[in-house]
Amino acid sequence: MLDRVRANNTVRCGVGGSVAGFSLPDGRGEWHGLDVDYCRAVATAVLGDPRRVTFVPVTLQTRFTALSSGEVDVLARDTVWTMSRDVSLGIVFVGTSFYTGTGVMVRRASNVTRMDQLGGATICASQGGSNLPEVTDFLRARNLSFTPITFDRFAAVLEGFLAGRCDAVTAGAADLAGAISVQVTNPQDFLVLPEVLSRDPYGPAVARGDMEWFSIARWTLFALIEAEERGLTRANVRQMAASATDPALKRLLGTEDNLRGMLTLQRDWVIRVIEHVGNYGEIYDRNFGPETPINLGRGQNHVVSRGGLHYGMPFR
């Protein structure tokens, strides 16, 4: 896989392409999103250029086949890391890039404010996703019935909901926050219910069989997170590399122990990644932060030192 990426001089990244905050092209065809930026970080690490990415939209039904068959080199598609996916599909998750859970959105005019008020409702969902099973378990545990309507893409799910085909829509809570803030013209008319039905760690994945490629994908993610913990930003990473005295920081930046040799990357690969793409916090703020229409509080997506769940593994 790594040899093929270098031969092609591009990272083929499987993305959703329809969810604001994760992966969505703008009117000029420029891609934006947390998953998009992760792929750019991988391209920078391997090829030295964040532009060396080919974004390949994949559906919930085709995403794993696209990865295991080699149609894409890495899957970064707001995908929940589960045991069955990790051990039985010929793929392996490299880490957690985003913590969320299953949510449900309704129209405020419906006067529904809790999940247990959805008995008898029609609920739209994506085919092949984990959200509908979570909703099914919740309602059946309370002896409540509902009618599901499924679509192959989240964009079609949202369109169906807005067209009145269903009473509620389920997806990841962060996906719904993105949709209601960016893709809906009258967001005040809709409500994301307070219950989060699951603990869903989203993460990128690669096909099994190439440990070197897997390691690069994994440690690129850890580098983004570790950079935030250590205060490395796009603006200061070069200066920090030049003045660092902390041995651990020098190892991370490649100015001391040459850990990059284990991954056959340029010695300053972490510096390049942060300089071009930013640390995890910069990526989050660029796509979900207070200056964006989504404005989704970080919560558990903070780094550990700020009360969140993210931390990078030791670079040593």
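Student: Is Cys 124 buried or exposed?

Tutor: Buried means a relative accessible area under 20%, exposed means over 50%, and partly exposed lies in between (1.4 Å probe, protein chains only). Cys 124 has a relative accessible area of 0%, so it is buried. Before going on, note that this is a predicted model, in which local features need pLDDT of at least 70 and side-chain atom pairs count only at pLDDT 80 or more, while totals for chains, interfaces and linings use all residues. Residues are numbered from 1 along each chain as its sequence is written, and side-chain values use heavy atoms, with hydrogens and water left out.

Student: Which residue forms a disulfide with Cys 124?

Tutor: A disulfide is a covalent bond between the sulfur atoms of two cysteines. Here the term is applied to a pair of cysteine sulfur atoms within 2.5 Å. Cys 124 is bonded to Cys 166, with 2.0 Å between the sulfur atoms. The angle about the S-S bond is -110°, and this link of Cys 124 and Cys 166 is left-handed. Cys 166 is buried as well, at a relative accessible area of 3%.

Student: Where in the chain do Cys 124 and Cys 166 lie?

Tutor: Helices (H or I, at least four residues) and strands (E, at least two) are DSSP runs, numbered from the N terminus. Cys 124 belongs to strand 9 (residues 122–126), and Cys 166 to the loop between helix 6 (154–162) and strand 11 (168–172), so the bond ties together parts 42 residues apart in sequence.

Student: How many disulfides does the structure hold?

Tutor: The structure holds 2 disulfides. One of them joins Cys 13 to Cys 39, S to S 1.8 Å. That pair links distant parts of the chain, with Cys 13 in strand 1 (residues 11–15) and Cys 39 in helix 2, 26 residues apart. Cys 13 counts as buried at 0% relative accessibility, and Cys 39 counts as buried at 0% too. With the bonded cysteines numbered in sequence order, the pairing reads 1-2, 3-4.

Student: How do I read the packing of helix 2 and helix 11?

Tutor: Two packed helices are described by the angle between their axes and the distance between the axes. The axes are lines fitted to C-alpha atoms, for helices over the stretch in contact, and angles run from 0 to 180 degrees between N-to-C directions. For helix 2 and helix 11, the axes come within 9 Å and cross at roughly 145°.

Student: Which residues make the contact?

Tutor: Contact means heavy atoms within 4.5 Å. Helix 2 contributes Asp 37, Arg 40, Ala 41, Thr 44 and Ala 45, and helix 11 contributes Trp 269, Arg 272, Val 273, His 276 and Val 277. By class, the contact has 5 nonpolar, 2 polar and 3 charged residues. In this scheme Ala, Val, Leu, Ile, Met, Phe, Trp, Tyr, Cys and Pro count as nonpolar, Asp, Glu, Lys and Arg as charged, and the others, Gly among them, as polar.

Student: Which residues of helix 11 are buried?

Tutor: In helix 11 (residues 269–277), the buried residues are Trp 269, Val 270, Ile 271, Val 273, Ile 274 and Val 277. They pack against helix 2 (34–47), helix 8 (211–229), helix 9 (237–243), helix 10 (247–253) and helix 12 (280–288). Just after helix 11 comes Gly 278, with a positive phi of about 100°.

Student: What is the phi of Thr 264?

Tutor: Phi of Thr 264 is near 55°, positive in a residue other than glycine. Thr 264 sits in the loop between helix 10 and helix 11 and is partly exposed at 38% relative accessibility. Asn 9, also not a glycine, has a positive phi of about 55°. Asn 9 is in the loop between helix 1 (2–8) and strand 1 and is partly exposed, at 34%.

Student: How many aromatic pairs does the structure hold?

Tutor: Rings of Phe, Tyr and Trp (its six-membered ring) pair if their centres lie within 6.5 Å; planes under 30 degrees apart are stacked, over 60 edge-to-face, and the rest tilted. The structure holds 13 aromatic pairs. Among them, Phe 22 and Phe 288 are edge-to-face, 5.1 Å centre to centre with 70° between the planes. Phe 22 lies in the loop between strand 1 and strand 2 (24–25) and Phe 288 in helix 12, so this pair ties together parts 266 residues apart in sequence. Phe 98 and Phe 288 form a tilted pair, 5.0 Å centre to centre with 35° between the planes. Both Phe 98 and Phe 288 are buried. Ring pairs link Phe 22, Phe 98, Tyr 202, Tyr 280, Tyr 284 and Phe 288 into a cluster.
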